[in-house]
Amino acid sequence: MSESRPYRRPIDPKWWWAPGPYRAYTLRELSGVAVALYGAVLFAGLICLVSGPMAWDSFLGFLRSPVSIVLHLVLLAGVVYHVKTWFETLPKTMPKMIVNGKQVPATEITRKAQMVAAGCSLVLVVIAAWAFR
Amino acid sequence: MPDVALAAKTVQLKVLRYRPGQDAEPSYGTFEVPYTDDMSVLQALQTIKDELDSSLSFRWSCRMAVCGSCGMMINGTPKLACNTFLRNLPKGPVTVEPLNNFPIERDLVVSVGDFVKKIESIYPYIIPKTPKTVEEGPYLQTPAQMAAYESFSDCINCMLCYAACPQFGENPAFIGPGAMALLQRYNGDSRDGGQQKRLDTIHGEDGVWSCTAVGVCSEVCPKQVDPANAINQNKTNSAFDFFLRFVRKDAR
Amino acid sequence: MDHFDADVLIVGAGGAGLRAAIAVAEADPSLTVALVSKVLPMRSHTVAAEGGSAGVIQSTDSLEAHFHDTVAGGDWLCEQDVVEFFVSRSTPEMIQLEHWGCPWNRKPDGNINVRAFGGMKIERTWFAADRSGFHILHTLFQTSTKFPSIKRFDEYFCVDLIVDDGRAQGATVLSPVTGAFTAITARSVILATGGAGRVFRQNTNGGVVTGDGMALAYRHGVPLRDMEFMQYHPTCMPGTGLLFTEACRGEGGHLVNKDGYRYLQDYGLGPVTPEPRNKTMELGPRDRLSQAFWHESQKGRTFETPGGDAVWLDLRHLGAAKIKERLPLIREMAIEFMDIDPALGQIPVRPAVHYTMGGVPTDIRTATSLPGLYAAGECASSGIHGANRLGSNSLAELFVFGHVAGDEAVKFSRGVSASDSGKLIDQAKASAAKALSLRDQKGGGERHAVLRKEMALTMEKGCGIYRDAAGMQATCDKLAELKRRYREVTLEDKSAVWNTDWVTALELGYELDVAEAVAASALARRESRGAHQRLDGYENRDDAHFLAHSLATYREAAAPEISYGPVKITTSQPAVRAYGALGEALEAKKDAAHA
Ligand SMILES: Cc1cc2nc3c(=O)[nH]c(=O)nc-3n(C[C@H](O)[C@H](O)[C@H](O)COP(=O)(O)OP(=O)(O)OC[C@H]3O[C@@H](n4cnc5c(N)ncnc54)[C@H](O)[C@@H]3O)c2cc1C
Ligand code: SF4
Ligand code: FES
């Protein structure tokens, strides 16, 4: 009879809140909720718009309320964090980019993609500001 | 190796011990080891074994971070003991434990059999696109074609990525990062034509779909293999294959 | 006791063992191969080989040139017919590895790229960055999984061979996982257990390189050949002995002493040229470079480090990009282990023991003197390395002779029938009992870790780069003492599961036997040749008396008996062994004479 008796340590049920990369992962996933919530806000606006002027006005009223402004600031922070980390994960999810026989480093892909995202956002803001001038 | 009795500076190692013949479950043993600036955690363990307690068991061989034997949790992070240096660790006791998520056979030795089976299951060899005899000479492969798979071929099978993966912890049958890196190494090789054959291992819960892109596997990899990338590329492959099967069925 | 019956048993799953296993499986898929390794195959020490593997491929190169470099490099102690065979088979083996997926470095057009190596006249070293052995080993291991007839015994430790009816018929193996033994019986046995570098203190070898297979055969009456020739590699990390590959110099790295002077020019290796020049300066052979270091050290032109004195390896002029592409592992090691970026700073290096030229003698078809027993790889003395191995010849050797060993074992297995398995298993039981007695004996309280350190130290002292009779005799005496004390070893750990205390104690038994063969063979060779250099009146090569292979024969509880066997010479008569300017001049003269 062998003494061999492999021991399985229980896995940490709270691994997702372990400090460092695991918590960063959980926050990244959670920040996705901000994107969804903001989508919900827009969707609510859309419903109000089709429901008639009264509903639309109350929606606009809501938007101007302090609660909404705080909510939007929180959502903005969440979305920015999500965008930033989404592009940090991007190189891990796409096929390798080979340029001139060499692999493009992940950091470079992330940096360029984040710059493009920031640029696009800026252009949108400028267009919006111009349209509502 | 310095003499334990005469050492001026020492460092404390807290090592998780488990001896199946005598221990019901693992517990920590504490050792005071002489410290030198150039000392790796592996050397500290060897000092323990040679001079303090020869019953401590761990695997090692090359001492140069290439054989993949000496993976363990050092201060809670999966690392190779031979290229983790005491001078780079925070002051205070160093905690050393066997790799997370694997059954412990004894002390720092974990079971590796399942991992080896996973490697074997993915057809880890060239299935030639166009067979050639030795007399016909080598295949041509440009540096760009090599770059497509090269980093995946750098995997030393150290299993650190598995110890970092919570999904593997939840589901030991999950094929996991290292084996997927190897699969991608062959799939990405211009000489290989076995992609279709390897699809079976990537589908389903035990295939790539256990992965939720935590991504820590790539962070702990000592050889920059980026196994997370291999897994996620194969999610795309798995999804495509899923839909293509419908199309193919319809066509039939 | 468990029993497994195979057709071919292979002990060792490094480069040589895996190549042999594949050869058997390809030759005859109906034969069962038992492939035993004390570590997972991809942990075998082949994994650490950095520089590359030799095979003639350039149109300007020739098999003769490879032959002459090898024979002269070995100071004419090579079996020349074997070398001829070896160089002719090497390139096809490299191509075979390429077909199996080995990521050899390529030229921009997709063709194989080769690099320069020490003592080689033309670039002929195939390489995969500076992780050649790693890529080769993983390619072979992964390819081997294709063959269902290969039954692996991963992490099984071989404690003895089974020899019956005058032939090798299997082995007794221990599984550390359970502490249980298995008798593996087979019609033929291939040893592929690697070298014995760990018997020395500072060495480049992994912990598993303890000469087990050599000792196994030796104890069964097979003599060990040319054991005095232990190669010192000139560029290793002081203290740990970790290797900085010769490819550092092949790519153009310089060796300079503490004054910044390229000292090799003082030892017949000049002229100094800005670009690397084959067989000159840093691209001289290893024995000469290690000896030059010794002289520099005597002259006080080296500097002190905590791991012993050292000189500088300078790669800075290669530039960061080339270092990253061609020497990534070296760069990583220098940065991680020493906090030195080789693009910015010089690396301190000193010689360390690297390679066992001698081993279990084989004929050109890898057969040993014991019928049914074959040997390939570093544990074998195939005769190609002579008194000094050229870098990149030993990886090539693994595949050429691993392949042959597989083919031969198939033939032998087909031709014989098994002995009564009960008898063989009884023998295995006796071997197991002996191994167990070491674990369980009361002993006299000796600790094997202490003995191991004393052994490594005395080997370094008495059998280093330069040797004299007094030093070697002292080492022989010390080893005899250590062997006595070994019988008094007491293990703290008496448990069954993963008892590494026990396994390393068994390994020490092998190491002591091999060490003794090294020291006794060295003492008996009264000349200087290749890696064996003496300071006590035998400073020159003495072809009249010692153009001969030494053979150490095991004797129970006594020093080995040393005898000599002939060296096979075909086309290359022993001549002056010269490198640098003199070497070029001599070669030009030879070419002129030919023309
Ligand atoms: C750092 C380093 C760099 C090198 N670089 C080069 C190079 O660039 N070019 C070159 O040509 N050569 C190089 N060499 C030499 C070359 O790598 C080795 O000679 C070669 O790899 C040995 O291969 P092998 O198959 O004979 O043995 P190994 O790869 O050492 O394998 C031995 C096998 O035997 C098994 N084994 C041993 N004992 C037992 C036992 N008792 N029971 C069960 N199994 C056992 C082991 O588990 C292992 O599987 C280098 C060597 C070193 C150390
Ligand atoms: S992918 Fe990296 S971490 Fe995972 S086994 Fe391979 S080398 Fe180790
Ligand atoms: S000992 Fe080989 S990887 Fe650490």
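## Basis of the report

The structure is a predicted model. The size of an interface is often given as the accessible area lost when the parts come together.

## The two domains of chain B

In chain B, the domain assignment places domain 1 at residues 4–110 and domain 2 at residues 113–251. Taken over C-alpha atoms, the centres of domain 1 of chain B and domain 2 of chain B are separated by 32 Å. At their interface, 16 residues of domain 1 of chain B are in contact with 14 residues of domain 2 of chain B.

About 1,000 Å² is buried between domain 1 and domain 2 of chain B, and carbon and sulfur atoms account for 71% of that area. On the side of domain 1 of chain B, the residues B:Pro78, B:Asn101 and B:Phe102 supply 47% of the area buried against domain 2 of chain B, more than any other three residues.

## Contacts and composition in chain B

Between domain 1 and domain 2 of chain B there are 0 salt bridges, whereas 4 residue pairs are in polar contact, both residues of each pair being at pLDDT 80 or more. Strand S3 (71–74) and strand S4 (77–80) of chain B each supply at least two residues of the side of domain 1 that touches domain 2. The largest share of that side, 4 residues, comes from S4(B).

For chain C, the assignment gives domain 1 as residues 232–353 and domain 2 as residues 433–542. The C-alpha centres of these domains of chain C lie 30 Å apart. Contact involves 7 residues of domain 1 of chain C and 9 residues of domain 2 of chain C.

The area buried between domain 1 and domain 2 of chain C is about 660 Å², with 69% of it given by carbon and sulfur atoms. In domain 1 of chain C, the residues that lose the most area to domain 2 are C:Tyr232, C:Gln291 and C:Trp294, which together give 74% of what that side buries.

## Contacts and composition in chain C

The count of salt bridges between domain 1 and domain 2 of chain C is 0. The count of residue pairs in polar contact between these domains of chain C is 2, with both residues at pLDDT 80 or more. Helix H7 (residues 286–298) of chain C gives the most to the side of domain 1 that touches domain 2, with 5 residues. By class, that side of domain 1 of chain C has 3 nonpolar, 3 polar and 1 charged residues.

Definitions and conventions
Residues are numbered from 1 along each chain as its sequence is written. Chains are lettered from A and ligands numbered from 1 in the order in which they are written. This is a predicted model: local features need pLDDT of at least 70, side-chain atom pairs count only at pLDDT 80 or more; totals for chains, interfaces and linings use all residues. Side-chain values use heavy atoms; hydrogens and water are left out. Domain bounds come from an automatic or database domain assignment. Contact means heavy atoms within 4.5 Å. Buried area is the accessible area (1.4 Å probe) that two parts lose on being put together, summed over both. A salt bridge is a side-chain nitrogen of Lys or Arg within 4 Å of a carboxyl oxygen of Asp or Glu. A polar contact is a pair of N or O atoms within 3.5 Å; within protein, one must be able to donate a hydrogen and the other to accept it, and residues adjacent in sequence count only if both atoms are side-chain atoms. Ala, Val, Leu, Ile, Met, Phe, Trp, Tyr, Cys and Pro count as nonpolar, Asp, Glu, Lys and Arg as charged, and the others, Gly among them, as polar.
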